[in-house]
Amino acid sequence: MRAVIAEDSVLLRVGLVRVLQTAGFEVGAEVGDAEALLAAVEEQRPDLALIDVRMPPGFSDEGVRAALSIRRRWPGTAVVLLSQYVEERYAADLLTADTSGVGYLLKQRVADVEEFAATVRRVAAGGTALDPQVVAQLLLRRDSDPLERLTPREREVLALMAEGRSNAAIAEDLVVTDSAVAKHINNIFAKLDLPPADGHHRRVLAVLRFLGTTRA
Amino acid sequence: MTLPSVLGPPARLLRRRIGTARRDTAFLAAGVLPHLAAVPAWLWLGAKPVVRSVHLPWGVLPGLFAVLLLLPLVALPLTAVQRWRYAELLAVDIPRSLPAEGPRLRRALRLLVSAETWRRTAYHTLLGPFLAVAEVLVLAVWGTGVACATIYGWMWAMPAHTDAADVYAVQAAYVTAIGLLLLAAAPWFAGTVTRAESRAARALLGPSRAQRLERRVTDLSVSRADLADAADAERRRIERDLHDGTQQRLVSLAVTLGLARATLKDLPEEARRIIDEAHREAKEAISELNDLVRGLHPAVLDDRGLDAALSGLAARVPLPVRLHVDLDGRPAPAVESVAYFVVSEALANVTKHARAGRVEVTVRRTGRVVRVEVTDDGVGGADAAAGTGLTGLAGRVRAVDGTFRIDSPVGGPTTLVAELPCGR
């Protein structure tokens with residue numbers, strides 16, 4: 001699998017290249033700003049783009065805008081955004097179009113190399129990855145919303161779903177059985193008024209409902 | 001005249017006395033003409049029309065009216081002359097009045113009816129002549145003193161007219177003594193008149209107490225706002241430096257250690273343990289630095305405003321937080337910064353002390369006030385005077401002219417309210 005990296009700090013870029021190589025990626029290009037990133041994606045057509053949110057020239061949300069435009073023009077390219085701090089709106093922006101192949105993580109997660117490598121591989125394979133911080137922040141919303149009806153355990157499960165975990169992974173994380181997780185998830189679907197149609201689709205809808213409580 | 005508490009070498013003391021006396025006398029001499037200047041103006045402008053109008057049907061009123069209108073005009077240049085005299089000859093500053101605002105005509109009218117103008121007019125037209133008399137008296141004491149003290153000199157220079165030199169010689173001794181006494185008293189007299197004049201000038205020519213206080217308040221609020229802004233800018237700069245430098249470096253260090261941990265599988269157990277430890281330490285340093293930056297001035301506050309910054313803050317609190325942010329546009333950076341700080345400190349306090357089940361944070365703009373309210377259902381008993389956190393909070397709120405109160409009965413609940421004026 002091929003990846004491109006956009007990160008303006010040279011020091012961190014070197015580290016990211018090595019982490020992605022460890023994760024089994026071939027790094028096709030490493031660039032320092034959004035414009036070079038779009039050019040590199042156009043030329044290389046990578047499977048994954050790893051993008052820093054804050055980049056020159058404005059040091060605000062250049063990375064997010066580049067990610068959105070990559071998703072639009074080359075929908076097959078998975079995108080993982082790295083950010084110094086959590087901005088739930090970025091996550092919402094990214095996930096509104098299509099939740100597969102999207103990741104939004106805090107920069108410091110890269111330090112846990114093996115976990116990060118697994119996450120990036122999952123996203124490149126079409127999964128979703130949201131930083132636990134993003135999830136925590138999304139959960140504290142807001143006035144009256146259906147999420148209020150969830151029990152703390154169900155919130156935990158939903159948060160892990162939003163991070164893109166499978167049922168088995170959630171069960172392992174919470175140290176419960178798979179069937180217990182399935183029961184929680186069914187409760188979540190019921191409380192969020194998601195009719196039993198397509199199981200996978202409902203899962204995405206639940207995560208989106210979760211994100212929809214933020215103001216876009 | 002007071003005795004100096006420590007007598008210096010007599011020669012130096014004497015020199016200083018002479019210097020002071022000379023300065024006072026020059027100052028008083030320069031005052032005679034400007035102090036008298038108002039008298040002819042007074043007579044010419046006022047007395048003539050008053051006298052002329054006595055026989056008119058309206059009596060003296062038009063004349064008085066003319067005086068009232070024209071005397072302040074005379075006061076303007078005379079005040080400038082006096083201000084110059086005090087500054088140049090006595091090194092005393094008579095502060096100017098605050099510049100008036102508005103269109104020229106209204107400014108002139110306001111000047112005409114202001115108490116200040118009339119105090120000045122009173123100084124020049126009523127007090128001035130008396131001061132002139134006092135000044136002339138001081139000069140006369142000097143002149144007489146010198147003339148009397150040197151009478152032997154005069155007698156020696158003009159001996160022809162005296163035929164009973166012996167009698168005169170005895171009387172001349174008295175005259176000399178009186179002259180010396182006058183010379184000794186003259187510096188004291190000059191000093192007393194100078195001090196009295198200065199007091200009168202400060203009271204009547206300078207701005208009134210209310211005006212001085214007004215100016216002081218204006219100055220203080222401006223300098224306080226500048227200080228708050230400077231502190232804010234400094235916090236931002238430190239945040240940027242930490243973010244662009246140290247934080248990136250630490251993350252990259254942690255990544256390198258993480259890589260070592262992930263790839264160097266065949267190291268001896270001891271080396272792996274050390275790498276593990278270094279990796280953990282690096283990650284802890286990152287989260288400590290993040291906490292520090294968050295406490296200073298988080299980047300998200302500048303980039304995305306209060307709502308986003310407070311969400312990040314609330315997500316870190318280990319208990320349920322309900323957050324309502326209802327702002328129409330973004331308030332001034334200083335207000336955002338203080339509001340953020342209030343919520344940050346309040347949440348830290350709740351986490352540490354309140355033993356609360358849930359917290360509610362509301363930030364709402366009503367008119368020109370941003371109201372920050374943090375309520376928890378904890379044990380209460382928070383005291384703004386006891387904790388340094390709450391005291392610092394109150395200080396920062398007051399620095400932007402806000403109000404801060406905390407209501408925390410023992411047994412709870414605790415409500416903390418900060419109201420921050422935001423200009424618009």
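Trainee: Let's start with chain A. How many helices and strands are there in chain A?
Mentor: Chain A has 10 helices and 6 strands. Remember that the model is predicted.

Trainee: What share of the chain A residues is buried?
Mentor: Chain A has 216 residues, and 51% of them count as buried.

Trainee: And contacts along the sequence? What share comes from residues 24 or more positions apart?
Mentor: That share is 65%, counting the contacts in chain A with a separation of 6 or more.

Trainee: New topic. How many residues of chain A are in contact with chain B?
Mentor: 25 residues of chain A are in contact with 29 residues of chain B.

Trainee: Which elements of chain A give two or more residues to that side?
Mentor: Helix 1 (10-22), helix 5 (113-124) and helix 6 (132-139) of chain A do. Helix 1 of chain A gives the most, with 6 residues.

Trainee: How do the residues on that side of chain A divide?
Mentor: There are 10 nonpolar, 8 polar and 7 charged residues on the side of chain A that touches chain B.

Trainee: OK, what are they for helix 2 and helix 3 of chain A?
Mentor: Helix 2 (residues 34-44) and helix 3 (residues 62-73) of chain A pack at an angle of about 20 degrees. Their axes are 9 Å apart.

Trainee: Roughly parallel or roughly antiparallel?
Mentor: Angles under 35 degrees count as roughly parallel. Helix 2 and helix 3 of chain A are therefore roughly parallel to each other.

Trainee: Is the crossing left-handed or right-handed?
Mentor: Helix 2 of chain A passes helix 3 of chain A in a right-handed crossing.

Trainee: Which residues meet there?
Mentor: From helix 2 of chain A, look for A:Ala34, A:Leu37, A:Leu38 and A:Val41. In helix 3 of chain A they meet A:Glu62, A:Gly63, A:Arg65, A:Ala66, A:Ser69 and A:Ile70. The residues of this contact divide into 6 nonpolar, 2 polar and 2 charged.

Trainee: Last topic, cores. How many residues has the largest nonpolar core?
Mentor: It has 120 residues. Those with the most contacts inside this core are A:Leu81, B:Leu310, B:Ala339 and B:Val343. Helix 11 (residues 333-354) of chain B gives the largest share of the core, 12 residues.

Trainee: What does B:Val343 touch?
Mentor: B:Val343 touches B:Leu310, B:Leu313, B:Val361, B:Val372 and B:Val374, leaving out residues up to four places away in sequence.

Note on methods: Residues numbered from 1 in each chain as written. Chains lettered and ligands numbered in written order. Predicted model: local features only at pLDDT ≥ 70, side-chain atom pairs only at ≥ 80, totals over all residues. Helix = DSSP H or I, 4+ residues; strand = E, 2+ residues; numbered from the N terminus. Buried ≥ 20, exposed ≤ 12 C-beta atoms within 10 Å, placed from the backbone. Contact = placed C-beta atoms within 7 Å. Nonpolar A, V, L, I, M, F, W, Y, C, P; charged D, E, K, R; others polar. Axes fitted to C-alpha atoms, helices over the stretch in contact; angles between N-to-C directions. Parallel < 35°, antiparallel > 145°, perpendicular 65-115°, else oblique. Left-handed = near helix turned anticlockwise from the far one by under 90°. Core = buried A, V, L, I, M, F, W, Y, C linked by C-beta atoms within 7 Å.
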